[in-house]
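Work through these exercises with the structure open beside you. Try each task before you read its solution.

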Amino acid sequence: MSFDGIVVKSVTYELFNLLNNGRIEKVYQPENDEIMLSIRNGSNNYKLLISASSSNPRIYITNETKVNPITPPMFCMLLRKHIQSGRIIDIYQYSMDRVICIDIQSLDELGVLSTKTLIIEIMGKHSNIILIDKKTNRIFDSIKRVPSSLSSIRQVLPGLEYKNPPSQNKLIPFNLSKEDFISLFDKSEKGIPVFKMLYGNIIGISPLIAKEICYRANLNDSIIVGQLNGDYADNLYISFKKFFCNINDNVFFPTIVNNERSDEIIAFSAIDILQYGNFPKIHYNSINELLEIYYITRDKIDRIKHKSSDLRKSISIKLDRTLNKLAKQKEELLEAEEREVFKIYGDLLTANLHKVEKKQSSIVLENYYKEDLEKVLINLDPRLSPIQNAQKYYKKYNKLKSAHQLVSEQIVKTQEEVDYLENVLISLENCTELKELEEVREELVNEGYVKKSSTKGKKKEKEVISFPHHFVSSDGYHIYVGKNNKQNDRLTLKLANKDDIWLHAKNIPGSHVIIKKKDGQISEYAITEAALLAAYHSKARLSSNVPVDYTERKNVKKPNGAKPGMVIYDYYNTIYVTPDKELLNKLTKIE
């Protein structure tokens, strides 16, 4: 899936029809690599989202509202100075490439009408948003500055002349003659697949589109250049020509293809995609609508992962250290459990002091604690007297006896910390909203695992309560799944009734799950489906036959001083399930 030249042409066509001659009323920058333009055209208001994200670069009209920083970034201030209140006079694509240009007419500092061009380059990690002067082609600034240390070929810095992205000597598909098209086969390596030859030589084509052109020419995407005979080549050119005639005439049919067994999107484009056969497809009237549906969740999850990476790394390091600590404590416990042998050594030495000679390093004595009076070798310190050697063993015995109790208590606490940290990692994985991530961060600050960030000069934001996942079972029972420890505590201890059913993966870090009873009743189907949710939202997501305990909520208690999300329970049953995403996708989810 890619935001290729075909998609860019479709977006450009729609944006021109909707926004041309519109006025830019507001400019916002909600993310470091993303801007939002509020545009009024006639009686209609539009929000144009433009992102230079490395993982999800894009441009489309959105209905989404984002939270903006209290202090606007420098690039946002520059855009407000140069294009806010400006009028859009043209929107066009550069050479079928993934570049969109928006010409904006506005008054400069001297009150003279001038034209600036906002250039959006949608090119993966090299994506950028650049403002230039239309007349001089000089760069005002960009959302990502590119100095010579990052690129020796093309710098993007204030004051420099703007240069178009390198063309890589690719051909423009429109008006490409049959002779030029066929000559591509002669110039290409004979062993590469035909679809690779197409997207490697023609601008604006992605692997998906190249395969689609081959499919419409009845060519398998595994066929190589060397296998193209006259008929195959003719069919391919006819398919190519017909395809790009439609594109040139702005005939688009925005389409999403879903996985056969789930709602997961496996492909999207501005044209109808035929190569997936009977896979379920959704068609849209607008490419903007398609892009918003595709990117809105995807980008949110990616940004959450990016913003949680520091927490994930910090907690992973602390977890590794705590696991090492636990291993050493268990080693000490094993040693302490062997303490009786040192008491026996002390007793045997005390009973046989007359047999121990001065400066002796070891002695073999009969162990009168054994029926067969088994011989035992006892090591001695030659520097000590016989009675001192005996006292040394008694002292070691008493030390290990005290250590056994202490280390046993420490192991319980360390294991609780391991469970808690593993639960935090699951919480970070379960986050679907930025506010949920902030809840986890706040919890870690309160627990002393993370330093509180400086709030100097920042306004205190209102606490926003996040909500757990909400599903409905196949027979109509409402099921709730906590996403983090704060939600788990709230769900189990405040929202659930005492006779509701509580579930949790057995001895495995994971989410609390609640089934709401109906008229005091619960079904086996609901328990099984809730158990699948509990197993899926746990550390055992990829395991099979996961044990899940379930009991009434009244049997679940939170001990005094327990960490967030930590509870104890009794009077429970256990069900074994294997997490299956396809089955879970069939459950009704309430947003």
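The exercises below concern a predicted model, and each solution goes step by step.

**Exercise 1. The main core**

Task: Find how many residues the largest nonpolar core has, and which of them have the most contacts inside it.

Solution: 
- Step 1. The largest nonpolar core has 79 residues.
- Step 2. Leu 118 and Leu 236 have the most contacts inside this core.
- Step 3. Helix α6 (residues 230-248) gives the largest share of the core, seven residues.
- Step 4. There is also a second, separate core of 27 residues. Among them are Phe 471, Ile 479, Ile 508 and Ala 530.
- Step 5. Now look around Leu 118. Set aside neighbours within four places in sequence. Its contacts then include Ile 35, Leu 79, Cys 101, Ile 129, Ile 130 and Leu 131.

**Exercise 2. A residue in helix α6**

Task: Decide whether Phe 243 is buried or exposed, and list what it touches beyond its sequence neighbours.

Solution: 
- Step 1. Locate the residue. Phe 243 is in helix α6.
- Step 2. Apply the cut-off: buried means under 20% relative accessible area. Phe 243 has 3%, so it is buried.
- Step 3. Skip residues up to four places away in sequence. Phe 243 then touches Ile 6, Ile 209, Ile 213, Arg 216 and Ile 271.
- Step 4. The C-alpha atoms of Phe 243 and Asp 103 are separated by 29 Å. These two residues are 140 apart along the chain.

**Exercise 3. Strand β8 and its partners**

Task: Work out which faces of β8 are covered, then find how β8 pairs with β7 and with β9.

Solution: 
- Step 1. Recall the rule. Side chains in a regular strand alternate between the two faces of the sheet.
- Step 2. Sort the residues by side. Asn 128, Ile 130 and Ile 132 are on one side of β8. Ile 129, Leu 131 and Asp 133 are on the other.
- Step 3. Check burial. Six of the six residues in β8 (residues 128-133) are buried. Both faces are covered.
- Step 4. Turn to β7 (residues 113-121). It pairs with β8 in the antiparallel sense over six bridges. Ile 119 has Ile 130 in β8 as its bridge partner.
- Step 5. Look at the hairpin of β7 and β8. Six residues lie between the strands, and Gly 124 takes a positive phi near 60°.
- Step 6. Go on to β9 (residues 139-142). Three bridges join β8 to β9, and the two run antiparallel. Ile 132 stands opposite Ile 139 in β9.
- Step 7. β8 and β9 form a hairpin as well, with five residues between them. In that turn, Asn 137 has a positive phi of about 65°.

**Exercise 4. From strand to surface patch**

Task: Tell the covered face of β13 from the uncovered one, then find which residues make a nonpolar surface patch of about 300 Å².

Solution: 
- Step 1. Ile 363 and Leu 365 form the covered face of β13. Ser 362, Val 364 and Glu 366 form the uncovered one.
- Step 2. β13 pairs with β14 in the antiparallel sense over five bridges. Ser 362 stands opposite Asn 379 in β14.
- Step 3. Tyr 368 has 42% relative accessibility, so it counts as partly exposed.
- Step 4. Tyr 368, Tyr 369 and Leu 373 make the patch.

**Exercise 5. Salt bridges**

Solution: 
- Step 1. Side chains of opposite charge can pair when their charged atoms come close.
- Step 2. Take Glu 34 and Lys 66, a salt bridge at 2.6 Å, N to O.
- Step 3. Widen the view. Glu 34, Arg 58 and Lys 66 are linked in a network of salt bridges.
- Step 4. Take Arg 216 and Glu 212, at 2.9 Å, N to O. Arg 216 counts as partly exposed at 34%, whereas Glu 212 counts as buried at 1%.
- Step 5. Take Glu 552 and Lys 517, at 2.9 Å, N to O.

Conventions
Residues are numbered from 1 along each chain as its sequence is written. This is a predicted model: local features need pLDDT of at least 70, side-chain atom pairs count only at pLDDT 80 or more; totals for chains, interfaces and linings use all residues. Side-chain values use heavy atoms; hydrogens and water are left out. Patches are made of residues with over 30% relative accessible area and no salt bridge: like charges are joined within 9 Å, nonpolar side chains (Val, Leu, Ile, Met, Phe, Trp, Tyr) within 5 Å. Accessible areas come from the Shrake-Rupley method with a 1.4 Å probe; for residues, only the protein chains shown count as cover. A salt bridge is a side-chain nitrogen of Lys or Arg within 4 Å of a carboxyl oxygen of Asp or Glu. Buried means under 20% relative accessible area, exposed over 50%, partly exposed in between (1.4 Å probe, protein chains only). A nonpolar core is a set of buried Ala, Val, Leu, Ile, Met, Phe, Trp, Tyr and Cys residues joined through side-chain atoms within 4.5 Å. Helices (H or I, at least four residues) and strands (E, at least two) are DSSP runs, numbered from the N terminus. Contact means heavy atoms within 4.5 Å. Two strands pair if DSSP finds at least two bridges between them.
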